[in-house]
Amino acid sequence: MSEPVMKETLFTDTSVPETLPEVEQSRKNVFWSVFKKSKLGMFSLIFLLLTITISILAPIISPYDPINQNAAERMLPPSGDHWLGTDAFGRDILSRIIYGSQTSLLVGFISVLISSLIGTALGMVAALKGGLLDDILMRILESIQAIPMLLLGLMLLVALGSNTTTLIIAISLGLTVSCARVARGPTLELKEKEFVRASISYGASTFRIIVVHILPNILGPVLVMATLHMASAIRVEASLSFLGLGIQPPHPTWGNMIQDGLRFLTSAPWVAVYPGVALMVVVIAFNIFGDTLRDAFDPHIIRERK
Amino acid sequence: MKRKINIILSILIAAVIVLSGCTEQKQSGTKETSESKGTSNSSKEKAINVAMSGEAEKLDPHFASPVNEVTIVQTIFNGLVKFPTGTVDFEKIEGDLAEKWESNSDATQWTFHLKKGVKWQKGYGELTSEDVKWSFERVMDEKTGSPWRADYDNVANIEAPEQYTVVFNLKQPDASFLLKVLNYHGGMIVNKKAIEDAGDKFMTSPVGTGPFIFEEYSPKDKVVLIKNKDFFKGEPKLEKVILKIMTDPTAVEIAMDKGEIQLGLGIGDQLWIDKRKENKDLVLDFTTPALLWGIHLNMSKPPLDDIRVREAIAHAIDIKTYVNKVVGKDAASLPTGNVSAVYFGAAKVGAYDYDPEKSKELLKEAGYEKGLTLPKQYISTLNSYLDIMVYVQDQLRKVGIEMPLEKVEHATYHANARKDLNNIALYGYVRAPHADTVLTQFFYGPSTVGTPTGVTNYSHYNKVDKLIEQARVELDKTKAKQIYKEAQEQIKKDFIYVPLVETNTVLVRRKEVDLGYNQNKIKGTMIYNYYIDENTDLKD
C-alpha cells in the first residue's frame, strides 16, 4: 500500500509557479500541444468520450433489452443478430455491455466526484491548519488506507447490505485517502510561498485562501488523480460485482457478466470474454488519459519550452 | 505507480481469459492419445480409480456427510436394511445385515433378525445384536455429537434379547421406520472395540463389515481401499478402490479421457453433457432421487397472504421452457408434484400450468392492476440457486410483478431463510425417499421457520397437519398412500409451493466399468455418486 505515498512525492516536487497571465496562456498552449503530440492520449480521450456517449444513449442504440430473457436463444455464438452472442439466459451480450457501461461509469464518476471533493478539502484544510488537526486527520485517513480497498468494499457491503449506494460509499471512502494526500502535499508547499503568506498577513480567511490561492494551483494534480481514480473505481466495482456484491440481478455490470460466463469459459467463451475486454479497454484508456493529462499539467515541461 | 499496476492487472486479466479459452483445443486433442495404456494397467491389478472432488476427512459413518465421505463409507460399512443397489424404492427395501424383520401391529416395536456369520474387518470377530444396539445408541447419545441424532428422537430404547435379534421400541408409531435403519448416515453399524482402539483417530480409522477395507489415506492425494476376502456376501471382484482427490473438473475430464479415472461426477448443464457425450468411451448416468427445486411462498405476510397473488405467481412461470431449453432434458425433468415422484407416497399431483394471461387477470382482481413490487428477497450466490431465481424474476416481471433480489453467500442465504426473512424461498433438496419426510419438514405446522421446532416450512402452512399425523401411523401402505395423496392435493390447491424443476445427479463412468448391480445401470443413489460393491468389476 505504498502507492499513494509515491504519488505524493511525485507531485510535491512540482514546484508550482505563481500564476502570471502569460504563464497561464502558455500553459494552456502547452496543455493542448502535449495532447496533440500524444497520439495515444488523444485516442484515449476520443475513445472515452465515445464510451460516455454510448452509455448515455444506451436506450436508443442497444439492439435488445438487456434484462429480457429468451430461453430459445441461449448461449448463441456471435452472429449477425447478436454481434457478441448471447448469455446463459439468452440475453444479448452487446446490449448488456452497453448498459453495463452505464453502471461502471456512473459508479466510477460519482465515487470519484465525492472522494475528490471531500479528499481535496480535507487535505487542504489539514495542511493549512497544521498541528493537531493535521495529525489527527491524517492518522485517521492512514488507518483507513491500511485496509485494501477491495477488502474495505467487501466489509462495508456485507455490513450495510449489497446495493449501489453502499458500493459508491465504499469506493469513495477508499479513494478519499489518496485524494487527501495528493492535495495536502502541494498545499504544504504553497503555504510557505510569499503570496499565500501575504494573504494570511492581510487577515484573509482560510476559505478565501483555499479558493483563491491554493485550489487553482493544485487543480492539475487533483484532476490527474481523479482520472486515474476513475480507472481504479471501475476496476473495484467490477471486482466486487464479480464476487456477487453491489449491483443486484438482473441489472448487468461488467463484473457480474464475467462471473456469469466464467463457468462456460470452455464451451461458450464469448459470455465472459467480451465484458472482460470492455473492462480492460476502458480501464487502460482512463490510465493513458490520466498519464497524458499529467504530462500536460507538468510545470517542468513549461519551463523546458520557455 | 497505481496507473502501471492498473494496466498490468488489466492485461493479466485479459491474458487469463484468452488463455483459458485456448485450453479447450488442448483438451480435445488428448482424447485420442494414450488411452489404452491406462486401461490395461488398471485391469491387470483390477483397481478402480475414482475422482473425488475434495478431501474426505470424516470416515466415521455417523459423521460422514459430503459426497466424498459417504461414497467411501458406503463401501466399508453395512446397515440393517438397504435399497436394492442402484435404486431407491421404499417398497423394495431388502435385508443387509438383517435376514428378516417384523413390526407389531401399531408399528411401535420393530424386531430385526441378523444374518449369522457376518465378520468384522481386521479381526474384530463376529457381528452380534450387541454391536447393533451399541451402534444406534452411539448415534442417539448427545455426547457423540452425530448430526443424525434427531433421526432417532422417536426411539424409546433398543434391546438385544438374543445374539442375533435386535428390538427397537418407539415412542410414537412410525410406519416408515425402515428408513432410519438403512445403510445410510446413522443407520450404518460401527464396531465399539475398533472405535475405542482407534482413540483420537476414530474419524480416519473406519472398521466395518463391508466389501472393502480401509487401507490408507494421504491428505490432498488419495484414499485406498482393498478388498475384504471374507465379505459375507462373497469375495469382491475388484482388488482395490483408489479414490483420488481432484478438485479441478477439467483435470478430471482429461484423466477420464485418458482412462486414468473410471468413475467421476458430472456437471448438470446441457452444454457440458453434450460435449462429454461425444466421447464414446464414456457412459453418462442421470440418477434419482432428483433434487426437487421450488419456491415456498410465505402465506402469512402481505401481499402473499392473498391466494390470488400466490396463484398468479404459480401460473406466471414457464417451467417447460426452463427444463427443456435451459437445464436440458438429460439433467432435468418437469416436477411431478410437490413430492418427488420416486418417493414413497408421491401422488404426482403435477406442477402448475403456465398461463400468464390468467396471472395478469388474477393480479387485476387482487387490485394490482398497475403492477406489484414484492419485498426484497435474498438469494444465494451459488449458481444452481441464482440461475433459477433470476429466471423466476424475469418470468414474474413479464406479468407485472417486480421481485428485487439481493445476493448473499450460500450459508447466509439458508440462515436468513430459516430466520423467516425470505417471503419467497427457493429450495432444492433430496430427502429420504418417503412422503412423510417431505411433508413433515416443509408443510407441517410445527416445522414453521422462526419457531423453536422450526425446520423448513417457509410457507407457514398448517392445513394438512392432521393428514400428516394420520399417515405417519398408518401401516397399510395403500391407505397411507391415499392419505398422502389427499395432503398433496390440498397443498397444490393452496398455492403455497411452486415446484419448478427436478434436477438429476450427473455421473460419468468409462465403458469398461461393470457396475455389477441393477443390470449395469444406476437409477437411484442416496450418496450422489456411484455405489461400488462386491460385484463391481472392470471388463477388458
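Biologist: Hi! How many helices and strands does chain A have?
Modeller: Hello! Chain A has 13 helices and 0 strands. Keep in mind that this is a predicted model.

Biologist: And what do the elements of chain A look like from the N terminus on?
Modeller: They run α-α-α-α-α-α-α-α-α-α-α-α-α.

Biologist: What share of the residues in chain A is buried?
Modeller: Buried residues make up 48% of the 306 residues in chain A.

Biologist: What about contacts in chain A between residues 24 or more positions apart?
Modeller: Take the contacts in chain A with a separation of 6 or more: 72% of them come from residues 24 or more positions apart.

Biologist: New topic! Which residues of chain A does UniProt list for "transmembrane region"?
Modeller: The unreviewed UniProt entry lists residues 40-61, 105-128 and 268-289 of chain A.

Biologist: How far apart are the ends of residues 40-61 of chain A?
Modeller: Their end C-alpha atoms are 27 Å apart, and that part of chain A is 95% helix and 0% strand. For residues 268-289 of chain A, the end C-alpha atoms are 33 Å apart, with 91% helix and 0% strand.

Biologist: Which residues of chain A does the "domain: ABC transmembrane type-1" annotation cover?
Modeller: According to UniProt (an unreviewed entry), that annotation covers residues 101-290 of chain A. The span is 84% helix and 0% strand, and its end C-alpha atoms lie 19 Å apart.

Biologist: Is the crossing of α7(A) and α10(A) left-handed or right-handed?
Modeller: α7(A) passes α10(A) in a right-handed crossing.

Biologist: Which residues make the contact?
Modeller: On α7(A), the contact is made by Met149(A), Leu150(A), Gly153(A) and Leu157(A). On α10(A), Val236(A), Ser239(A) and Leu240(A) take part.

Biologist: And by class, how many are nonpolar, polar or charged?
Modeller: The contact of α7(A) with α10(A) has 5 nonpolar and 2 polar residues, and no charged ones.

Biologist: Last one, on chain B. Where does UniProt put the "coiled-coil region"?
Modeller: That annotation, from an unreviewed entry, covers residues 461-490 of chain B. In the model, the span is 73% helix and 0% strand, and its end C-alpha atoms lie 11 Å apart.

Notes. Residues are numbered from 1 along each chain as its sequence is written. Chains are lettered from A and ligands numbered from 1 in the order in which they are written. This is a predicted model: local features need pLDDT of at least 70, side-chain atom pairs count only at pLDDT 80 or more; totals for chains, interfaces and linings use all residues. UniProt positions are given in the numbering used here, feature names are shortened, and annotations may be inferred rather than shown by experiment. Helices (H or I, at least four residues) and strands (E, at least two) are DSSP runs, numbered from the N terminus. A crossing is left-handed if the near helix is turned anticlockwise from the far one by less than a right angle, and right-handed if clockwise. Two residues are in contact if their C-beta atoms, placed from the backbone, lie within 7 Å. Ala, Val, Leu, Ile, Met, Phe, Trp, Tyr, Cys and Pro count as nonpolar, Asp, Glu, Lys and Arg as charged, and the others, Gly among them, as polar. A residue is buried if 20 or more other C-beta atoms lie within 10 Å of its own, exposed if 12 or fewer, and partly exposed in between; C-beta atoms are placed from the backbone.
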